[in-house]
Amino acid sequence: MSLLLSLLLPWASASASEQAAAASTLIAALGQPAPAHTAFAEARFLQMLDRPLVVSGELAWLGGDRLQRRVEHPQQETSTIADGEVTQQREGRSPRHFSLKRAPQLQVLLDSFVALLGGDAARLQQAFEVHQEGDARGAWTLTLVPRDARVAKTVASIRIDGYANASRCMHLQEADGDLAVDLLGPLAARMPAEPTREALAALCQSAP
Amino acid sequence: MRRGARAALLIGWLLALAGLGWMISQRLHVSTDLRSFMPAPTTPDQRLLMEQVGEGPGSRLLLLSIRGQSDARLAALSQGLAAALKNDARYSQVLNGSFDLGALDERLLPYRYLLSPTLDTQPLDQAYLADQLQQRLDDLSSPAASLLKGLLPRDPTLEVLQLAERWAPAKSPQLREGVWFSPQDEALLLVQTAAAGFDPGAQQQAIDGIRQAFAALPGSAGATLELSGPGYFSVVAAAQTRHQADWIGRISTVGFIALLLLAYRSIGSLLLSALPIASAALAGIAVLTVAFPAVHGITLAFGFTLLGVAQEYPIRVLSHRRAGEDALASVRTLWPLLLTAIASACIAYLAFYASGVNGLKQLALFTIVGLLVAGFSTRYLLPHLLPRRVHDVAGMHWLIQARTFVDRLPRPRWIPLVVAAAIVAMLVLARGPFWQDNLAALTPLPPELLQRDARLREALGAPDVRYLLVLEAPSAQGVLELSERLQPKADALLAQHAADALELPSRYLPSVAVQRERQATLPDRATLQHVLDQALQGLPFRADLFRPFVDDVQTARRLPPLTPERYAQTPLGQRLAAMLVERDGHWLGLGTVSGVHDVAALQALGADSHGAVRLLDLKAASESLVVDYRTRILQALAAAALLLVLTIALALRSLRRAWHVLAPMTLATFLVLAVERVAGVEISLFHLVALILAGGLGLHYALFFERDTGDAAEQRRTLHATIVCVLSALLVFGMLAWATIPVLRAIGLTVSLGVAFHFCLSILMAPHARQD
């Protein structure tokens, strides 16, 4: 019985420190050299809207604390985070600037992305409480809860689903109930035309 | 007088002084506002200058920089300092770049449709709403979503952000970590003090408050806070002047005491001779506290300087004592001359009273009361206290030789002619402007402070303190309407780079007429709901999401237009209040200008406005003020000179004797002026004040040298007294001439030169003893 349990839930019985060590190992394995690019497709479920908003494009880590989010569909738009400032550029309009401090959601995104792409477990654990689950097939889930109470007021948690050395999905759960789901890498191409929360959850859990 | 009576007199005198001192300590209120030393303004520009110098938005602005730490730490310090100062009554505004939506009051939110010009060119119709809603949808899928989500139901066109952009400083510094940063990696802040800019006392308190708040912040120890701005400069200049005056004063006091001890060899006489001066100073201040609500610090400083004349009275008495003669008797013989000297000095100081400037009136009252008290106490009190046995100076060997030397000096009649010719020649030959009209040149600031100010001002886009665009109309609404009409021209000027920024009052509050026009264009509920429903077709927004928006537009249609009075209660209202002021039933709008490149183009803004719009050059206005000031002082001096001639002539009962007294004095005065001009000195008001002081001293020399006693010993005593007076004046003012601060140097140099010239000319032009 204990053998069976340990086979089914290899990390469930592990102690907290072992779990942290395992998370560090996983995060270190996720690291890539900068600049790193990945395709993304995002579905946003907002209470203001009757149906989700879907955009797709490319995310790029330019090294350091510099991140670029380029949307190609349905409208061209580029957002750049650099030096604590966000610059948003939309076709045919003058760029908009705002401080990262005013967009905690972005700060979270930056912290989690840069730490994941850089394989920097320490930084991730500094900004978030990190929980890890996984199964024997190599699929895993990291759950990040912001430690900063001010940030937690807007961002409740981030969940990253992955397989082996690749992140596949990122779920950004906002405190007011709104949810953003990003399909990353090859999975981005599989964003349904009219996504639902359930369909995306299934997609993220599916075998690669 | 008996011993007991002498003791009683001394104790009584000291008690009276103590009483005066107590009264002063109870009543004296020292003011530091420099404006009470400026003349009453006569032209509208000068009046505006006087208000702006103290109260204007530019002059109350302090520019702060914090450096020496990482950006993140500096930003935290900037936020901490801003938070600490925001609730302090000493500061009316604190800006550090962190965007604050709270600037627009919740109750005022519906007013955005009356304040913003967006809908002037763009009706709130279906096409506009559809475009805006599509953009919001894009926003919601962008990283900015969390910023806008809360705002959206009430303000789908983001009118609030448009207003915030409109009100942001035209040229704001770089934002890092959410606060302003300079290119030199300093966090920048702007603090507007409640206190007037040129009130060094109040500014010192405001600056101390900032430094204390900064020091109390965690982590501030490793960072450096620097300040700049007119208020800070007034504090620095005042401290610098006080510091130099203090150490020079200490050295010259020690020298002065040593000189008197050497001259009279009696500590008792020295202490007693200080009594008339102490009485003069205390009585002068006491009268000021009765006559004026506040006594100016400068009055006290200059007043004590001018009272230096009064030190001559006891010196004369001490020098003219004969062996065995009662002090009372020697005072009696001197008194007619002393009285003439006192009366003439008082007449000269009356000129200050006539100037009409509050600070100078105080100075005149203080000096006249002081001189009278010093003179009369020297005549009626001091002689009773002086020791009976004295050392008659007339027998001193060196003095006999000196007198012989002086008597042998040739006294050709052509001396006045030669001196006068030399004066004219020097005045003609002198280069550069005659008058120094720039008040700032008198208290110069270290160049590095000015460079820092220019750099911070440039980085912060802070308005120029020199130029103001003045709009004038019978009512506040008139000013706002004028400002609205001017805006297109101002925009055109900015496009031509005549200036970097030009802020008009209507930028913060449109006129009632414009607000009513905007109200009239807002659709009613049914119409708006209809176009909104049309615009929402095909978009995923929830059906009733924008109800708060429709409500706000309906509220805006019925709102009473926002007036300056109602606006004044909001944070932004303070900004407007500084730009819209009432005076004599007239209203003035003050447009601030930054980075002026083309003054002529800015002046041309008001070309066909018939004076309703004009560019005020505060520097030119201050110079014209100084010119008026000087003209009035010179006129008063001319009148005083005439009175002086009459007084001297009447007192001496001879025009010829009056000539012997007044000619050397007049020539010496002009000689000082000429020598300073040839040396390249531009003459300021402080030079004039110093010339009058030197003239007062010179009058004494001339009066005493002219006196013919027919007694060689008495002539020697006169020489002794005069030499002591000249040396003590040279000691005190010669030290001042070494100061690096031009105000102090002006006084020191002028009085020292004056004393030397007066002494030489009054000896050379005195009637020769043997001729009579």
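Student: Among contacts in chain A between residues at least 6 apart in sequence, what percentage join residues at least 24 apart?

Tutor: Two residues are in contact if their C-beta atoms, placed from the backbone, lie within 7 Å. This is a predicted model, in which local features need pLDDT of at least 70 and side-chain atom pairs count only at pLDDT 80 or more, while totals for chains, interfaces and linings use all residues. Residues are numbered from 1 along each chain as its sequence is written, and chains are lettered from A and ligands numbered from 1 in the order in which they are written. For chain A, among contacts between residues at least 6 apart, the share that join residues at least 24 apart is 40%.

Student: How confident is the predictor in chain A, and in which element is confidence highest?

Tutor: pLDDT is the predictor's confidence in each residue, from 0 to 100; its mean over chain A is 81, with 88% of residues at 70 or more. Over residues 1-14 of chain A it stays under 50, and the model has 7 contacts beyond four places in sequence for this stretch. Helices (H or I, at least four residues) and strands (E, at least two) are DSSP runs, numbered from the N terminus. Helix α1 (residues 2-8) of chain A has the lowest confidence in the chain, at a mean of 38, and the highest, at 92, belongs to strand β11 (residues 179-184) of chain A.

Student: Which residue in the turn between β7(A) and β8(A) has a positive phi?

Tutor: Strands β7 (residues 128-134) and β8 (residues 139-146) of chain A run antiparallel and are joined by 7 bridges. A:Glu133 stands opposite A:Thr141 in β8(A). The two strands form a hairpin with 4 residues between them, and the turn residue with a positive phi, of about 105°, is A:Gly138.

Student: A:Ala164 has a positive phi although it is not a glycine; how many other C-beta atoms lie within 10 Å of it?

Tutor: A:Ala164, with a phi of about 55°, is found in the loop between β9 (155-163) and β10 (166-174) of chain A. A residue is buried if 20 or more other C-beta atoms lie within 10 Å of its own, exposed if 12 or fewer, and partly exposed in between, with C-beta atoms placed from the backbone. A:Ala164 counts as partly exposed because the number of other C-beta atoms within 10 Å is 13.

Student: Which residue does a cis peptide bond join to A:His73?

Tutor: The residue in question has its place in the loop between β3 (66-73) and β4 of chain A. Omega is about 0° for the bond, and the partner of A:His73 is A:Pro74.

Student: Which element gives the most to the side of chain A that touches chain B?

Tutor: The contact takes 27 residues from chain A and 18 residues from chain B. Elements that give two or more residues on the chain A side include β2 (53-63), β4 (77-82) and α3 (104-117). The element that gives the most, with 4 residues, is β5(A).

Methods. Pairing = 2+ DSSP bridges.
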